[in-house]
Amino acid sequence: MIRMLLDTDLSLGDVGSEIDDGFALAFALAEPDCRVELITTVSGNVDAVTAARLTRGLLATLGHSDIPVVAGATSASLGPPPKGSSGQAAIELVRRILESPGELTLVAIGPLTNVALALQIEPTVAGAVREVVAMGGIFFDQTHEHRQPGEFNFLCDPEAVNVVLDSGIPIRFVGRDVTEQVRFSRDDARALTAAGGKFAAAGSYALAWIERLARENPGRTVDSCALHDPLALATAIHPGLCTFTMANVRVLVGDPAGRGVSLADLLAGDTAPAPNCRIATDVDVAAFRELFARRLGSL
């Protein structure tokens, strides 16, 4: 049984907003080998307060209102631990992890601001958490967009990523170059709606998100969206879905033209640096799609 802490910038519930955080949470709640014990929210897709509100709404819909939700960093930009409510998520992460050393898996599917703040508050968290699994980075490709040189979660707070990487915390990254391979189509969305159940309404949100992507990419055929966060979360429970390799990763923080870009050393040379993470290199698309459909179908 995976005891999970989930850190998210969930926006499912706002029409036209990104849907994969919400789908990831639904997957976790449907997974018999996972128990979600805490959800913290971070600013990214939406601000942390909105993410908390939408998270509580989804939990109510799915019959899990008992899971605590704590709003976190009010901006995806690392700085001194913020005062008041904006620091409560990091404080709660520290408390939970230190109370159950070696037992809790932290899944981070938004910017890593809350995780970095937790490590700044209490560095021993790095040795007390069982594992961190994060969606973020592009390690074998690039975005091909000047306006967004790094993957979104890394671009929002690259300083936080480097704090996490420097901490010695055991972490696996599932990057966008791998998550782009698992897709959710218009037909999948319609099938989800037609199947009924507690999560059926999410089909309409998925269609709205795909339509938004199509509008924002004129001249391209867009009939699906990537399941970035569900894949990352699924590998926390079923690591065999992806192939991982050791790496040393740094993230660029200065020049806006490269901000958020991840540089991965695959440790091939005699003078390679020490590894500081594992990164996904491939995914079993068929196995993930079958498991994902089965779990959502059980809601």
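1. In α9, residues R186, A189, R190, L192 and T193 are in contact (heavy atoms within 4.5 Å) with A202, G203, S204, A206, L207, I210, E211 and A214 of α10. The residues of this contact comprise seven nonpolar, three polar and three charged. The model is predicted: local features require pLDDT of at least 70 and side-chain atom pairs pLDDT 80 or more, while totals for chains, interfaces and linings use all residues. Residues are numbered from 1 along each chain as its sequence is written, and side-chain values use heavy atoms, with hydrogens and water left out.

2. The axes of helix α9 (residues 186-195) and helix α10 (residues 202-216) approach within 7 Å and cross at roughly 160 degrees. That makes α9 roughly antiparallel (over 145 degrees) to α10.

3. R295 pairs with E31 in a salt bridge, the closest N and O atoms being 2.9 Å apart. R295 belongs to helix α12 (residues 285-297) and E31 to the loop between α1 (20-30) and β2 (34-41), 264 residues apart. R295 is buried (under 20% relative accessible area) at 12%, and E31 is buried at 2%.

4. A salt bridge also joins R278 and E131 (3.8 Å, N to O). R278 lies in strand β11 (residues 277-283) and E131 in strand β5 (residues 131-135), so the pair ties together parts 147 residues apart in sequence.

5. A network of salt bridges links R3, R35, E37 and E103.

Methods
Axes are lines fitted to C-alpha atoms, for helices over the stretch in contact, and angles run from 0 to 180 degrees between N-to-C directions. Helices (H or I, at least four residues) and strands (E, at least two) are DSSP runs, numbered from the N terminus. Angles under 35 degrees count as roughly parallel, over 145 as roughly antiparallel, 65 to 115 as roughly perpendicular and the rest as oblique. Ala, Val, Leu, Ile, Met, Phe, Trp, Tyr, Cys and Pro count as nonpolar, Asp, Glu, Lys and Arg as charged, and the others, Gly among them, as polar. A salt bridge is a side-chain nitrogen of Lys or Arg within 4 Å of a carboxyl oxygen of Asp or Glu. Buried means under 20% relative accessible area, exposed over 50%, partly exposed in between (1.4 Å probe, protein chains only).
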